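Hi,

Here is the structure I promised to pass on to you. Have a look at it first, and then read on for what turned up.

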Amino acid sequence: MRYISIYVFFLLLLLSCERGVSPQSSDGELVEVRLLPPQVYGSVPAVLSKATTDRDEILKDLPVRNLEEGSTLWLSYELRKDDGTYEPPVLKAYSVRKSGGGYMALYACGHSKDGNYLYVSEEDAQKTTSPLYLKHDSYYRFRMISPAMKIFSENLHMTVDNGDSFASSDQRYESTSSTDVHIESQSSGVYYVNLKPMIQQTARLKFTLKKGKNVSSVRMMADGVEISGLQNPYMHQSGSLQYNWSSLELKDTLVMRLGDKEAWITLAGDKFSEDQNGNLVGSLSILPTDARSNTVTILMNMSVNGVPTQYITTLNRMVFEHARSYNMFFEVGLKDDIVVVNWQNISWTEDI
């Protein structure tokens, strides 16, 4: 009879796991919380109106994109206490994977530690870890950032630089801000949370090179495009190169500052590809940059009809804002055996 009792116990335990029953305490205070895959504002072909000054009006009626399969995400959550303050944020890693039903779902995944850093490796992203359990009848504040970049384990800050591309929750917009969520127990044992979209925190520079008169081939050299005069990595008042993504303070966003424009970055030649029209196209992300008091210099290293060629141009009084794409179109031609690079159009196209 003892063996039968043990068998029945394990059978019931197995069935409860298969149904996804939460391991609640005896008073039922813990609730399994599952997040629906969040969406992102950014990199969609909707042109902004410069006449618009209201931030949320900018996002109104604009489409959002889903996180792609394989995307990773950090989630921070804070319990609101009775006095209205919050407990310290807790960090949890997630990855977007295809479920058994064929749709994209957000799975709690593993993470690794390297010294003072936490990060999600490709192997970690494929692991499924324990779900999130939170207190019943409690309020929690959530914030997200994707991808799950390296993060300091001590304070959840991170270092960001030109070339990094990421989206996060953002208090500057009602549509992307963090709000308190009331967690309640459900008969199914699972409480589903649909969080507001994230928004891209960096700007994008996109280059398109079109073959013009007397040009049969254009390809980028290894050095590609070199851009200088960009914003230095973000520095907090503490003097450390850290970005406090989990803060609700507007001063902790990636702000643009006058001066501090000594940074440069290279878009390597192998990062360019040919589009359906035979044009060379490449893009990279930069920190938001207020370059009204300095010059942004662009140096292109390309091969025109097999001959190595450099072309340099400057951008003056430019402001590169987050979540926007600055698209530059060039036409490369030959005139009297001299390479001529013309702006195909001189107006900036700004996409959210």
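This is a predicted model: local features need pLDDT of at least 70, side-chain atom pairs count only at pLDDT 80 or more; totals for chains, interfaces and linings use all residues.

Let me start with the nonpolar cores. The largest one has 33 residues, and the members with the most contacts inside it are Leu205, Phe207, Leu209, Val225, Ile227 and Phe320. Several strands each supply at least two residues of this core, among them strand S16 (203–211), strand S17 (218–230) and strand S22 (307–320). The largest share, 6 residues, comes from S21. There is also a second, separate core of 25 residues, which includes Val40, Leu67, Val193 and Met198. As background, nonpolar side chains tend to be buried together in soluble globular proteins.

Leaving aside neighbours within four places in sequence, Phe320 is in contact with Ala203, Leu205, Met256, Ile286, Pro288, Thr289, Val296, Leu315 and Tyr326. Both Phe320 and Tyr326 are buried.

That brings me to the rings. A search of the whole structure finds 5 aromatic pairs. In one of them, the ring centres of Phe320 and Tyr326 are 5.1 Å apart and the planes are at 80°, so this pair is edge-to-face. Elsewhere, Tyr77, Tyr140 and Phe142 are linked into a cluster by ring pairs.

The charged end of Arg141 sits over the ring of Tyr86, 3.7 Å from the ring centre. Likewise, the charged end of Lys150 sits over the ring of Tyr119, 6.0 Å from the centre.

Is Phe272 buried or exposed? Its relative accessible area is 10%, and buried means under 20%, so Phe272 counts as buried. Beyond its neighbours within four places in sequence, Phe272 is in contact with Phe207, Met220, Val225, Leu267, Leu280, Val281 and Gly282. Phe272 and Arg219 are 53 residues apart in sequence, while their C-alpha atoms are 8.6 Å apart in space.

S7 and strand S8 (residues 117–119) pair over 3 bridges, and the bridge partner of Asp114 in S8 is Tyr117.

Notes. Residues are numbered from 1 along each chain as its sequence is written. Side-chain values use heavy atoms; hydrogens and water are left out. Rings of Phe, Tyr and Trp (its six-membered ring) pair if their centres lie within 6.5 Å; planes under 30 degrees apart count as stacked, over 60 as edge-to-face and the rest as tilted. Buried means under 20% relative accessible area, exposed over 50%, partly exposed in between (1.4 Å probe, protein chains only). A charge sits over a ring if NZ of Lys or CZ of Arg is within 6 Å of the ring centre and within 35 degrees of the ring normal. Contact means heavy atoms within 4.5 Å. Two strands pair if DSSP finds at least two bridges between them. Helices (H or I, at least four residues) and strands (E, at least two) are DSSP runs, numbered from the N terminus. A nonpolar core is a set of buried Ala, Val, Leu, Ile, Met, Phe, Trp, Tyr and Cys residues joined through side-chain atoms within 4.5 Å.
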